[in-house]
Amino acid sequence: MTLADYSSELMATAQALATPGRGILAADESTNTIGKRLGSIGVENTESNRQAYRGMLFTTAGLGEFISGAILYEETLFQSHPDGDSMIDKLGKLGIIPGIKVDQGLKPLAGGNAVETLCTGLDGLVERAADYYAQGARFAKWRAVLQITADGCPSALSVRENAWGLARYARSVQESGLVPIVEPEILMDGNHSIETTARIQERVIQEVYHACFANGVLLEGTLLKPSMTVQGADCPEKAAPETIAAMTVRTLERSVPASVPGIVFLSGGLSEEAASIYLNQMNSIERKAKWNLGFSYGRALQHSCLQGWGGSNVEAGQKALIARAQANSEASRGQYVAGSQPSSDEQLFVAGYTY
């Protein structure tokens with residue numbers, strides 16, 4: 001089987017994931033990262049606790065009304081729910097498409113500046129993706145990370161190498177039937193202005209698509225997962241939601257081919273409420289291209305949910321998850337009323353955070 005054999009399926013899956021009013025739940029935290037989240041509520045990082053938490057997420061009644069796909073960590077893809085059903089079956093009952101994180105983490109970029117990294121995991125990826133497809137996954141995620149600094153980051157080397165890695169990953173997983181989510185994240189670390197973010201983000205995304213063209217990636221069978229165009233977390237001038245929305249849409253219109261069916265934003269340290277408000281604003285303004293603008297949130301969907309669950313309270317956790325899923329569903333249609341759903345406005349950004 002090759003990309004040509006899967007092309008119709010890839011396009012159909014991408015369109016299903018980009019259904020207006022539905023978004024993606026990013027539940028692909030590594031064992032180390034989910035351990036930090038569990039530790040914040042006093043829960044030990046054991047497989048049974050990870051299983052219980054994610055099982056709670058994937059049995060939330062009605063979640064499929066607002067969520068089209070869920071990104072899983074490899075452990076979860078092959079794991080069973082505590083009741084014996086597979087996690088894949090639980091998602092299927094909700095009408096949610098399973099996805100899988102396929103990258104193997106960040107490593108220092110040789111020849112780059114101190115903060116620059118390269119995402120790893122290309123070796124054997126076609127074969128691994130085929131195994132994930134056989135298990136029931138239908139899309140994949142790979143996260144490249146770039147940082148803006150006063151001394152010139154991201155360097156041309158970093159931009160080029162991360163773009164090429166994203167393109168090689170995208171082509172590789174398409175060869176095995178998985179829709180690639182292409183994620184070039186610009187970290188919020190720093191004190192740069194929103195104009196600086198926009199200028200650099202345009203360059204990064206354009207480079208990603210140049211690499212995708214060179215590698216023959218089927219763009220109609222992909223999704224883009226960018227960060228929103230915001231100022232650095234330490235910038236003294238805080239842009240209004242209307243400015244963030246306008247700058248983000250402008251950045252995308254200058255960088256993303258119209259053939260990409262959907263753009264699903266990462267929350268990247270934004271609070272739950274801010275992530276919804278900014279997305280809503282983007283879907284309330286005119287734009288030239290007609291991609292679906294949706295969400296692929298991790299912490300901005302799970303923060304209140306995790307606090308509510310607290311290790312055992314399934315009902316409270318699921319209630320919080322549904323509230324945030326509905327809020328972001330409404331935001332992806334430009335219909336969210338700020339504060340209409342319970343949420344946390346706690347800033348989730350952590351400087352120098354490592355996954």
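## Salt bridges

The structure holds 15 salt bridges. Keep in mind as you look around that this is a predicted model. In general, side chains of opposite charge can pair when their charged atoms come close.

Let's start with a linked group: Asp-83, Asp-85, Lys-90 and Lys-93 are joined in a network of salt bridges. Within it, Asp-83 pairs with Lys-90, and their closest N and O atoms sit 2.5 Å apart. Asp-83 is partly exposed, at 47% relative accessible area, while Lys-90 counts as buried at 10%. Lys-93 pairs with Asp-85, with 2.9 Å between the closest N and O atoms. Here Lys-93 is exposed, at 60% relative accessibility, and Asp-85 is partly exposed, at 26%.

Elsewhere, the side chains of Glu-175 and Arg-171 meet in a salt bridge at 2.8 Å, N to O. Glu-175 is buried, with a relative accessible area of 18%, and Arg-171 is partly exposed, with 25%.

## A helix tucked inside

Now have a look at helix α10, which covers residues 272-282. Of its 11 residues, 9 are buried, so α10 is largely enclosed by the rest of the structure. Among the buried ones are Ala-274, Ala-275, Tyr-278, Leu-279 and Met-282.

What do the buried residues of α10 pack against? Their neighbours are the helices α9 (241-253), α11 (299-309) and α12 (314-331), along with the strands β9 (262-265) and β10 (292-297).

## A buried charge without a salt bridge

Glu-272 belongs to α10 and is one of that helix's buried residues. Even so, Glu-272 has no salt bridge.

The side chain of Glu-272 does reach something else, though: the backbone nitrogen of His-303, at 3.4 Å.

## Two helices that cross

Two packed helices are described by the angle between their axes and the distance between the axes. For helix α2 (residues 31-39) and helix α3 (residues 47-57), the angle is about 80° and the axes are 11 Å apart. That makes α2 and α3 roughly perpendicular to each other.

Which residues meet where α2 and α3 come together? On the α2 side they are Thr-31, Ile-34 and Leu-38, and on the α3 side Arg-50, Tyr-53 and Arg-54. As a rule, an α-helix has 3.6 residues a turn, so residues three or four places apart point the same way.

Methods. Residues are numbered from 1 along each chain as its sequence is written. This is a predicted model: local features need pLDDT of at least 70, side-chain atom pairs count only at pLDDT 80 or more; totals for chains, interfaces and linings use all residues. Side-chain values use heavy atoms; hydrogens and water are left out. Helices (H or I, at least four residues) and strands (E, at least two) are DSSP runs, numbered from the N terminus. Buried means under 20% relative accessible area, exposed over 50%, partly exposed in between (1.4 Å probe, protein chains only). Lys and Arg count as positive and Asp and Glu as negative; His and the chain ends are not counted. A salt bridge is a side-chain nitrogen of Lys or Arg within 4 Å of a carboxyl oxygen of Asp or Glu. A polar contact is a pair of N or O atoms within 3.5 Å; within protein, one must be able to donate a hydrogen and the other to accept it, and residues adjacent in sequence count only if both atoms are side-chain atoms. Axes are lines fitted to C-alpha atoms, for helices over the stretch in contact, and angles run from 0 to 180 degrees between N-to-C directions. Angles under 35 degrees count as roughly parallel, over 145 as roughly antiparallel, 65 to 115 as roughly perpendicular and the rest as oblique. Contact means heavy atoms within 4.5 Å.
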